[in-house]
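This briefing is intended for reading beside the structure shown below.

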Amino acid sequence: MWAFVFKRTLIALSVALTISVLCFSLLQLSGDLALSIGGPEATAEQVEQIRIEYGLDRPVIEQFTTWIWGAVQLDFGRSYYYQSEVMDLVVERLPVTMTLGMLALAIALGVSIPLGVVAALKRGSWIDRAAMAIAVTGQAMPNFWFGLTLIILFAVKLQWFPAAGSDSWQGFVLPAIALGYYATPAMMRLTRSGMLEVLEADYIRTARAKGLRTGTVIFKHALRNAVIPVVALAAVELGFMLGGSVVIETVFSLRGLGQLAWNAISRNDYPVVQAIVLIIALFYIVLTLIADILNAVLDPRLRAR
Amino acid sequence: MAQLLSSPVAATHHPANTWLSRLVHSTFKNRSLAIGLLIITSLGIVALLAPWLAPHDPYLQNTANRMVPPIWHETGSWTHPLGTDRLGRDYLSRLIYGTRISLFIGLVVALISGLIGTTLGVLAGYFGGRVDAVVSYLLTTRLAMPVVLVALAMASLMGGSMLTVTLLLGLLLWDRFAVVARSATQQLRDAEYVQAAQALGCPLPYILLREVLPNIAGALIVVATLEVANAILLEATLSFLGMGVQPPSPSWGLMIAEGKAYMFFQPWVITIPGSALFVLVLAINLLGDGLRDLSAPGGRNE
Amino acid sequence: MNNLSSTERSTAPASPLLSVKQLRVDLPVAKGTLHAVRGIDFHVERGEMLCLVGESGCGKSMTSLALMGLLPRKAQVNADCLNFDGVDLLTVPERERSNLRGARMAMIFQEPMTALNPAYTLGNQLCEALRRHQQVSRKAAHDRALYLLKRVGISAAEERMRQYPHQLSGGLRQRVMIAMALMCEPDLIIADEPTTALDVTIQAQILHLLRDLQQEFGTAVIFITHDLGVVARIADRVAVMYAGEVIETASAQALFQAPSHPYTQGLLRCIPTPGKTLPGSRLQAIPGVVPNLVEKVDGCAFCNRCDQAAELCRTTPPLQTVADGHLSRCHFAHQLSNPAQLNAQEVTL
């Protein structure tokens with residue numbers, strides 16, 4: 001178990017390093033940074049000034065080691081546009097994105113697991129069909145458009161929730177639905193197919209032969225085994241949701257990491273972009289690691305290895 | 001994704017021709033396959049015949065005729081069945097030309113990413129060992145990168161255009177191809193006909209192209225349909241955020257972005273292109289589901 | 001509850017524990033209806049070991065699942081009588097049925113590798129049946145499980161209780177399954193090919209164990225198998241099944257000495273006997289195939305494979321009494337049970 005965790009951590013670290021190299025080299029490939037920071041109206045002297053100020057005149061390797069050394073200490077340099085420490089910006093925005101992600105995950109799990117279980121138990125019934133229809137349409141819906149539609153319906157027409165802003169919890173409801181709906185189909189399908197498979201298993205017949213109540217058979221014996229891959233998927237989906245927050249936070253004007261990233265991208269504020277890409281990648285890596293460990297905890301057969 | 005890892009592989013041991021005949025045969029039985037094919041074929045024809053089908057020039061602006069509502073509104077007219085946008089351009093014509101953008105990007109992205117992913121996956125699956133370790137590492141790295149964010153940043157660096165978006169997505173979306181090709185090839189590696197070819201001293205490219213590839217094609221086609229859908233959605237997302245296809249191109253995502261300011265009073269400006277996207281992606285997904293059912297004979301519903 | 005049932009027993013000693021009359025099981029399949037069990041009759045006395053023998057697909061597993069009430073919902077079960085110790089299993093509500101299941105009738109399955117839930121410890125799975133059916137403390141259930149684990153020959157039982165199924169071998173898991181079946185001291189255990197998936201040496205151990213426990217606890221057992229060798233070792237009585245019917249029932253001794261149905265005779269000839277079967281000689285096999293049970297079977301189901309079939313066999317044979325407690329579903333049962341004729345038969349073969 002510990003050897004496994006150690007090995008996975010090692011891989012995770014090297015993946016993180018690779019991504020930071022990639023982030024950095026993308027930046028270098030993008031042309032003369034000083035020029036893009038200065039903007040089209042900057043004079044040659046101003047550009048030279050910027051170059052020295054941001055250390056862009058030094059060799060690439062030196063720039064990289066400086067950046068990565070900073071990153072390890074959670075220092076991602078200064079933002080070109082906001083004129084403040086990148087890390088301060090991130091720390092300020094992170095809670096919004098995390099709240100959004102967790103809420104979206106809760107919605108996705110809360111919808112997909114019960115629906116998947118019922119669909120499997122009532123296979124071929126109208127409820128199964130409806131669940132599959134939700135899955136198919138959910139995967140086909142562009143999430144930014146779904147978000148806009150939610151705004152029109154629930155914020156403008158019905159006025160149940162605010163259309164934008166993260167000041168109150170109501171502001172999170174619509175974006176969390178928009179983000180969570182996108183992850184629901186995959187988890188629901190996995191729950192449904194897992195339940196169908198498990199319900200056919202011999203140990204379910206054993207449980208019934210013991211005269212256990214239907215609820216015990218379904219929840220203790222079937223769901224427990226069917227849900228293992230769903231939990232792993234949920235962790236990975238949360239990683240994807242943090243990445244997908246760019247779109248949803250922009251649509252709903254939430255002051256989170258995603259919106260910060262989008263603002264930074266449109267203003268060529270590369271230290272911020274680099275930092276956010278790396279942070280989200282790290283989150284994803286940690287989440288997949290957690291997914292693996294959760295798998296091992298939930299499935300005794302994996303624990304021994 | 002986990003479903004993809006496990007399900008379609010069983011089907012791949014059929015020679016291509018019976019696979020095709022089964023496709024034709026079961027299209028009539030398999031409803032989602034039939035509906036998907038029908039919609040995609042119609043939209044394909046719309047894309048090809050766009051210049052003849054579109055009632056107006058999609059780029060022609062007419063400021064006197066701005067924001068004309070579609071035909072189902074009281075003030076709508078048959079001159080502009082789906083209305084006009086804020087610059088007075090005919091919405092239907094833009095929608096028709098937009099089909100070209102979505103389909104082109106979807107197909108080319110799937111082609112590029114399919115080429116990359118399949119190559120990596122087949123090599124990893126066939127050789128195993130270090131090759132597999134390297135590919136798995138690349139895969140992990142790729143999966144850890146947030147696609148939308150990286151694509152946005154890159155597109156902003158390189159300047160958004162149809163070509164940039166296509167290349168970027170092509171370079172980013174190969175992961176599922178690699179995963180499926182890898183596991184399918186691993187299962188084939190020990191198949192008798194592959195071992196026979198090895199024993200006969202067939203050259204490696206021959207084994208990979210003639211023995212392995214045709215037998216994992218079924219699984220890859222299913223992935224390809226999903227990736228086409230994925231690419232179309234991502235293109236729309238990038239264009240919506242202003243880093244994808246640039247104005248005045250009639251990308252559906254861009255149309256939604258341009259209509260966003262008007263959506264509170266005239267919701268149809270985003271409903272129409274959004275529905276078009278939804279129908280196209282839905283059709284592709286239905287096709288993919290249908291193909292997956294085909295390639296898992298008598299199989300489970302997944 | 002156990003006390004109650006024992007008083008019931010003493011009041012009605014004559015009635016069998018389980019009696020089955022004209023049991024039918026129909027399963028809808030793609031091409032119509034599969035008549036898996038086609039009107040079978042048998043009974044089980046208290047404390048006896050009845051072997052249900054037949055080849056795969058003859059309906060013996062369907063019969064056992066029908067008795068337990070574990071058939072898929074789409075399956076249709078009909079019978080003239082399906083009586084378990086005074087309870088009519090056909091009409092009893094599902095709630096009461098599940099009170100019987102695991103408490104008074106338990107089951108042991110064929111595949112020990114997959115019959116236990118991988119997610120829970122053995123202790124957990126052993127105790128839950130007892131705690132479902134009887135008001136016992138956690139400790140009492142634990143002690144009972146521990147006692148039974150020891151009794152079925154599992155060493156370091158205390159430690160095993162905390163282990164998961166994947167940590168045990170197939171033979172051990174089957175012992176656990178047996179212990180699990182005994183948890184509530186059932187009156188009837190249905191063992192569906194419990195030794196088929198095991199190695200031969202383990203098979204013998206499990207058979208001995210079952211036989212010992214059955215005698216010690218006085219439990220009736222329906223032992224389902226396709227292996228006549230197994231039958232010879234453990235059975236009190238035997239019911240031979242073919243194509244969804246019971247074609248012969250007899251005490252084990254009578255069946256082996258005077259088989260009265262051509263199918264039973266054929267099965268017995270398939271077994272090599274040390275000293276009799278010559279080295280290098282071909283083992284006998286029954287030619288032909290089992291009739292398709294989706295279609296209607298007219299006359300004797302075995303007649304297309306029977307080397308003694310006559311015109312009469314086109315009609316459905318009645319169940320004939322050959323001797324006391326020895327029944328055969330063959331028109332020629334009386335001639336067949338005559339050993340002299342049987343020998344003549346073998347000479348002509």
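**Briefing: an interface and a pocket**

In this predicted model, chain B and chain A bury about 4,100 Å² between them, with carbon and sulfur atoms giving 75% of that area. The contact draws on 44 residues of chain B and 48 residues of chain A.

- A salt bridge joins B:Asp289 to A:Arg189, and their closest N and O atoms lie 2.9 Å apart.
- Residue pairs in polar contact between chain B and chain A number 5, counted where both residues have pLDDT 80 or more.

**The side of chain B that touches chain A**

- At least two residues each come from α1 (2–6), α6 (129–144), α7 (147–158), α11 (204–240), α12 (252–259) and α13 (268–295) of chain B.
- The greatest contribution to this side is that of α13(B), with 12 residues.
- By class, this side of chain B comprises 28 nonpolar, 11 polar and 5 charged residues.

**The second largest pocket**

- The second largest pocket holds about 1,700 Å³ of space.
- Its lining consists of 40 residues, and those nearest the centre are A:Arg208, C:Leu70, C:Leu71, C:Pro72 and C:Arg73.
- Two or more lining residues are given by each of α5 (86–121), α8 (170–199), α9 (202–209) and α10 (214–226) of chain A, and likewise by α2 (60–68) and α3 (94–100) of chain C.
- The lining of this pocket divides into 21 nonpolar, 3 polar and 16 charged residues.

Technical notes: Residues numbered from 1 in each chain as written. Chains lettered and ligands numbered in written order. Predicted model: local features only at pLDDT ≥ 70, side-chain atom pairs only at ≥ 80, totals over all residues. Heavy atoms only, no water. 1 Å grid on protein atoms, 1.4 Å probe; cavity = no way out; pocket = protein on both sides within 12 Å on 5 of 7 lines; lining within 4 Å. Points joined across faces, edges and corners; volume = space filled by probe spheres on them. Helix = DSSP H or I, 4+ residues; strand = E, 2+ residues; numbered from the N terminus. Nonpolar A, V, L, I, M, F, W, Y, C, P; charged D, E, K, R; others polar. Contact = heavy atoms within 4.5 Å. Buried area = accessible area lost by both parts, 1.4 Å probe. Salt bridge = Lys/Arg side-chain N within 4 Å of Asp/Glu carboxyl O. Polar contact = N/O pair within 3.5 Å; in protein donor to acceptor, adjacent residues only side chain to side chain.
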